[in-house]
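Biologist: I would like to go through this model with you, one question at a time. Please show the sequence and the structure.

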Amino acid sequence: MAKLSEIAKLLDSTISGDDIEISGLSLPNEQKEGTISVLGTPKLYELASGAAAAYIVPDDSVDTKGKPFIVVKNHRLAIVSLLNYFIPEKPHKYTISPKASIVEGATVEDGVSIGDFVSVGDGSSIRKGTRIYPGVVIGENVSIGENCIIYPNVVIYDNAEIGNHVIILAGASIGSDGFGFVPGQIPTKIPHKGNVVLKDHVEIGANSTIDRGTIGSTVIGVGTKIDNLCQVAHNVQIGTGCFIASQTGISGSTIIGDYVFMGGQVGIADHATVGSFVSIAAQSGVHGTIEDKANIGGTPMQPIKDWARQVAAAKQLPEMKKRIIALEKKIGE
Amino acid sequence: MAKLSEIAKLLDSTISGDDIEISGLSLPNEQKEGTISVLGTPKLYELASGAAAAYIVPDDSVDTKGKPFIVVKNHRLAIVSLLNYFIPEKPHKYTISPKASIVEGATVEDGVSIGDFVSVGDGSSIRKGTRIYPGVVIGENVSIGENCIIYPNVVIYDNAEIGNHVIILAGASIGSDGFGFVPGQIPTKIPHKGNVVLKDHVEIGANSTIDRGTIGSTVIGVGTKIDNLCQVAHNVQIGTGCFIASQTGISGSTIIGDYVFMGGQVGIADHATVGSFVSIAAQSGVHGTIEDKANIGGTPMQPIKDWARQVAAAKQLPEMKKRIIALEKKIGE
Amino acid sequence: MAKLSEIAKLLDSTISGDDIEISGLSLPNEQKEGTISVLGTPKLYELASGAAAAYIVPDDSVDTKGKPFIVVKNHRLAIVSLLNYFIPEKPHKYTISPKASIVEGATVEDGVSIGDFVSVGDGSSIRKGTRIYPGVVIGENVSIGENCIIYPNVVIYDNAEIGNHVIILAGASIGSDGFGFVPGQIPTKIPHKGNVVLKDHVEIGANSTIDRGTIGSTVIGVGTKIDNLCQVAHNVQIGTGCFIASQTGISGSTIIGDYVFMGGQVGIADHATVGSFVSIAAQSGVHGTIEDKANIGGTPMQPIKDWARQVAAAKQLPEMKKRIIALEKKIGE
């Protein structure tokens, strides 16, 4: 329970209406009595007639049906604050499980958590504030920075370099062999001697796979977030602050700029170059070179506006065919 | 070995033809001498001239070339019965491995199996008849019902609620963080305080990922079956009795009705609403609202009939273009 | 460091130019001073003006700007030789971790490595020269041949047969239950009594999933390489020497010939038949029967030439529509 005015203070704002008691946060489409709900976008404003007792809104012109409200500049940051306020994270106890296997040649700083059945290889180092959950396998000469969270059953291959504040979700594979072979009756495997570099604040989704470089590194830039079940192939370079949605695959040696947004199930061919501030629609097929700030979609990809026009026209295809036949008949007459 | 009459009795039917000895079950397209094979659909009837000694058929009008046969109403249920009859499951010994790590605060009922290197967190409970295979990691406050099978290296995050008769295949991740951030130079992570609820008789495929809710739950309904490498995002609600084929991805907050069928590699956008008894073709791109009983396909999705017509017309596109040019020439004359 | 002439000897060739000292290998697009770089294809020849001190080329007509060079027949095999020469693999120590769990009924030959927290079930056998990394779970009656590498947290279900020189990358699931059910209010699971067979020299990518047969086997042929996050369903048969790129899914009972190449994110329907020497473009949707040597693409698939023509024509669709309208106007006049 919290006074609405306390919540306003937390959000660096003030209340409009009564200073009522608030029992928690609820989703706009699942509002519960006594709670506060965040109506962040115009589509949600009409939900102000729901069960919640108060609302967070971006603007005092929203009609909250007489219920008290708080105006905030960034409704998403307000959601983060409220989630942490009403459902605070339990303080984490940093302990090393006696059931972990940490070889003598590994370096583990004070203030690290290592769970059951974790294996840490020779020459690897883990810095303070980092938590390694059960079942994680860390190879040799891996460096993991400060305040990282490595969830259960993640595998990190030899020589990976992981920055600070990196989060890797369950089952991800960091540094697996790239898919490279010399064709032949029995193909010859191209050895992969490089590594993976995850810069600070990177997040890798559950069961995603990041292959290491043939020589040199596969690099994911600062603050880039990759969703579940994504594939990043050998020697790919991804810049800063990108969002890559689930089940997207990026082929070998492709270079991605900064602040690129990709929907889910995108496929990018090898040796492609994607500029910065590019937006790629879900399920697109991408290849070649994409300029900065481009907005693309479709398979094979096109500028999103062209693609939208083409999709609209394609729906009229059966009818267009009829019109051509009609024209031919007329002309033939 | 079994008499054909015994098999008929098992299937609650009678034999037509001689009561011969049957050595086992074989696939219609890999028939082996002395075995029985199930010709369940008209496409398979012509395989009655194969090597098998007898057949299961849905109808006595099928010409089995003089070989004895058994008519059954549901040939798939017959396959299940025959598989279990000829290749019976070994009785399972319920034991707790001394190499598992079960904290004192966890509750494990009698008659549970827990394999090597399983980790069970504080406040979690596992009910009788459930088997946990090696390498599974179960977080805190997880409840797992009766008669579940959790295969090796599955990860179940804190607070998940798993019903009875649930099967989770190897490497699946249940309850990983949703993909939610507030954009910014360094994006701010939206904490995920909700959980995952898997109702009774749910099956989750190998290496699939089910994210937990931001607040509230991601819910998979009774009897819904999800294939390998599927992604179900935060706060998705899936109804009863759905079949979701491999590599399908369902984005955040989407609601799926009951008895929905999805082919493989389908992508569904966030905040979509899919009705009940909907059928979605493989590789479709789905968004918005889909009414009950709709049959859809394509990217972006369309009614399946429209899509089929459009695909057919699209193949004639190069020719249509020629015809337009021919018309233009004629008119120009 | 190595003399250029030593490198030439390694590659079974001779040098043109001075016999300089070479410090290592660098990528064509990341050339470093003092190193050698492989310019294998015409697109790369212009990089001969880079920082590298010498080049490997396929032909002595390449202008290396006066720098010494070595001509080789197969530049990819040269890359393999140079990677192994300059960055040799550390010799592997074969040891069995005391923290592994190997039941008495399992057979492990001398000269095998088994990592921490590996679980090996009853009746399973592992032959010499094979390395099992930490966290791998091997079920019952699994046979693993010689000189295999099984990376961390791989799961191998009961009865799998794995040949020699097989590599399985982190987190892959070999032999999970096929996705087969008899529909009903609560669907009935079809038990999967078969297994998975991986022939010699197969490689399976990270977090890929290979389901076992209903009866009989799911078979991956000699030398076939499967990339990360691929799905191979129950009773699929794949021939020899195929390359299957990331995130591809192959549905149940489909048969693939020899030396088939698939791009990423391909989907193949169940019961399809793909001939030998077939090439399938990325993101294609495949079904039915494909003849030997076919070259296909698109969803639904078409011969690649038809698909390319159709894609080109589709881009002109909005314009075609305008031309039809113009014709109609003219005719109407």
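Biologist: Which residues in helix 5 of chain C are buried?

Modeller: This is a predicted model. A residue counts as buried if 20 or more other C-beta atoms lie within 10 Å of its own. In helix 5 of chain C, the residues that are buried are C:Leu317, C:Met320, C:Ile324 and C:Leu327.

Biologist: Within what arc do the buried residues of helix 5 of chain C fall, seen down its axis?

Modeller: An α-helix has 3.6 residues a turn, so residues three or four places apart point the same way. The buried residues of helix 5 of chain C line one face of the helix, because they fall within an arc of 70°.

Biologist: What covers the buried residues of helix 5 of chain C?

Modeller: Part of the cover is from chain C itself, namely helix 4 (304-315). The cover also includes helix 5 (317-332) of chain B, and from chain A helix 4 (304-315) and helix 5 (317-332).

Biologist: How far apart are the end C-alpha atoms of helix 5 of chain C?

Modeller: Helix 5 of chain C has 16 residues, at 1.5 Å a residue.

Biologist: Which element of chain C gives the most to the side that touches chain A?

Modeller: The contact takes 50 residues from chain C and 47 residues from chain A. Helix 3 (75-86), helix 4 and helix 5 of chain C each supply at least two residues of the side of chain C that touches chain A. With seven residues, the element that gives the most is helix 5 of chain C.

Biologist: How do the residues of the side of chain B that touches chain A divide?

Modeller: The contact takes 46 residues from chain B and 50 residues from chain A. The largest share of the side of chain B, five residues, comes from helix 5 of chain B. The residues of that side divide into 19 nonpolar, 22 polar and five charged.

Key: Residues are numbered from 1 along each chain as its sequence is written. Chains are lettered from A and ligands numbered from 1 in the order in which they are written. This is a predicted model: local features need pLDDT of at least 70, side-chain atom pairs count only at pLDDT 80 or more; totals for chains, interfaces and linings use all residues. Helices (H or I, at least four residues) and strands (E, at least two) are DSSP runs, numbered from the N terminus. The expected span of a helix is 1.5 Å times one less than its number of residues. A residue is buried if 20 or more other C-beta atoms lie within 10 Å of its own, exposed if 12 or fewer, and partly exposed in between; C-beta atoms are placed from the backbone. The arc is that of the directions from the helix axis to the C-beta atoms. Two residues are in contact if their C-beta atoms, placed from the backbone, lie within 7 Å. Ala, Val, Leu, Ile, Met, Phe, Trp, Tyr, Cys and Pro count as nonpolar, Asp, Glu, Lys and Arg as charged, and the others, Gly among them, as polar.
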